[in-house]
Amino acid sequence: MRVQADGGDAHWWRRAVIYQVYPRSFADGDGDGVGDLRGVIGRLDYLADTLGVDALWIGPLYRSPQVDFGYDVSDHTDVDPAFGTLADADALIAAAHERGLRVILDFVPNHTSDRHPWFVEARARRDAPRRDWYVWADPAPDGGPPSNWTSEQGGSTWEFDAATGQYYLHSYHRTQPDVNWRHPGLRAAMLDVLRFWLDRGVDGFRIDALHMIAKDPALTDNPPRDDAAPNGADRQHPDHDTQWHVHDRMHPDLFDHIARMRALLDDYGARTGRSRIAIGEVEAMPWESWVRFLGRDLDGVHWSFNFNFLETPWEPKALRLSIEAQEEALPEGAWPNHVLSNHDRPRLAGRHGERSVRVAAVLLLTLRGTPTLYYGDELGLPDVAIPPECWRDPLGRDQARAPMPWTSEPGGGFGPPGGGEPWLPVPPEYRERSVAAQLADPDSVLNLYRRLLALRRRSPALLSGAYVPLEEGGDDCLAYLREAPGQVVAVVVNFGGDAVEVELPRPGRTLLATDRAEVPPGPARSGVVVPAYGGVVVELERAG
Ligand code: GLC
């Protein structure tokens, strides 16, 4: 299969499973210890055939000082030398397309690196033509920051620039100045970045920190929250809860900017016969705010990541409420998703223990919506303990970014034989957890993912069926139907340590069970045994 024109299938992204590649950590092609694009190209067969996903989302590959590992872009139209060259990016896109895999890039619209030529110019003089491509403000009357806003990473969001006597805004690290989407020149330049990559053939963008790109132009202070103190344990957002973030993000202008991005994508889709998508990285609960990113007529982002599972206790009742909350909030025609992990959080096994790994696999691939599978989760990788003195990420997110173990050889086959020390320690369990070891074990987590992906691909109910909650299974289980016109499947996942016998509403045939590599065909039954810390998928007989 090749990615060519959609053939009228503008909704390919609803059926797709997206695989998140963290480029530093996926595969090291040149042996310098850092993953790169040649490494990814070498593993495309794994993604397309061995695993069977449909698209890859690759983290920021642009030229960058790598303070925030690529989310600090210093040149949007070049590839960072750590990852390769522009020719490698072209080769990656072409090689992925040849295998039927779509390619989604990270687009970072809220900020650049302070080494980006735009910022270097803006910072040089108050009257620099690009000064207002960033957000500058005079000091408050006492000389302090222009507002009380706190950055996502703690402390003031404002950094004083002594040379020009003004503060610049940085919602994240101080080396990541926020750009000013109110400036038409900046807007045009950012849309040109999208064009540059669309012209190279990419199929869409995961848009970073999209809720952040417009702020109150009057820089009104955020109301303080007296109920919350700084939280030192939350390294990513230590000061987040000390104020209500009502003025430093989510200004309604941002919906116009999103509409412009979407129009550009639609235009490319119409001209090339291949629809391109926008996925929002949006932190904007409550649901009424979150759904606004989809646009009034679904003309905003195609979907936004739903991070609620990351905050929800790992137990059936709470997760069910979270699933239903999204189902209820989505406007007619919109499409759901549930994020189970990514490069910013501890891994699933780190958050909820080994017991969550198979349950999560079933949920991810059988709930309604587009799944995004974080690299290494298909191996059930645990977090890697890295002492703070060895952290590479200032916020300590390294634990979930360990090099992917491909083989059971020393170094886990992350790079070529004789290659350099990987940039982070390889997971100590690499021998048992590697791709090679797990492929050889029919009962491995990797083989469970492969079975689930294959099943999903051929199941109209799993691809597009409605979600109908079931009460069956008791307190330890989460059960639901996926109902499509030609097929109804029941999914039951068991969060408990004992197998549970569940009576389904109608007899059916088990298509998949997490504790068995193969389920032999047999008569339809309405009783099904759901393994401990696992699940089953059953195709129900037609009613009546
Ligand atoms: C997003 C990214 C995160 C990055 C931040 C700033 O949340 O996922 O890794 O640090 O934006 O760009």
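Q: How much area do domain 1 and domain 3 bury between them?
A: This is a predicted model, where local features need pLDDT of at least 70, side-chain atom pairs count only at pLDDT 80 or more, and totals for chains, interfaces and linings use all residues. Residues are numbered from 1 along each chain as its sequence is written, and side-chain values use heavy atoms, without hydrogens and water. Buried area is the accessible area (1.4 Å probe) that two parts lose on being put together, summed over both. Carbon and sulfur atoms hold 66% of the area here, and the total is about 2000 Å².

Q: Which residues in domain 1 lose the most area to domain 3?
A: Domain bounds come from an automatic or database domain assignment, which gives domain 3 as 465–540. Together, the residues asked for make up 29% of what the domain 1 side buries, and they are P316, R320 and R451.

Q: Which residue forms a salt bridge with R320?
A: A salt bridge takes a side-chain nitrogen of Lys or Arg within 4 Å of a carboxyl oxygen of Asp or Glu. The rule finds 1 across the interface of domain 1 and domain 3. For R320, the closest N and O atoms are 3.5 Å apart, and the partner is E471.
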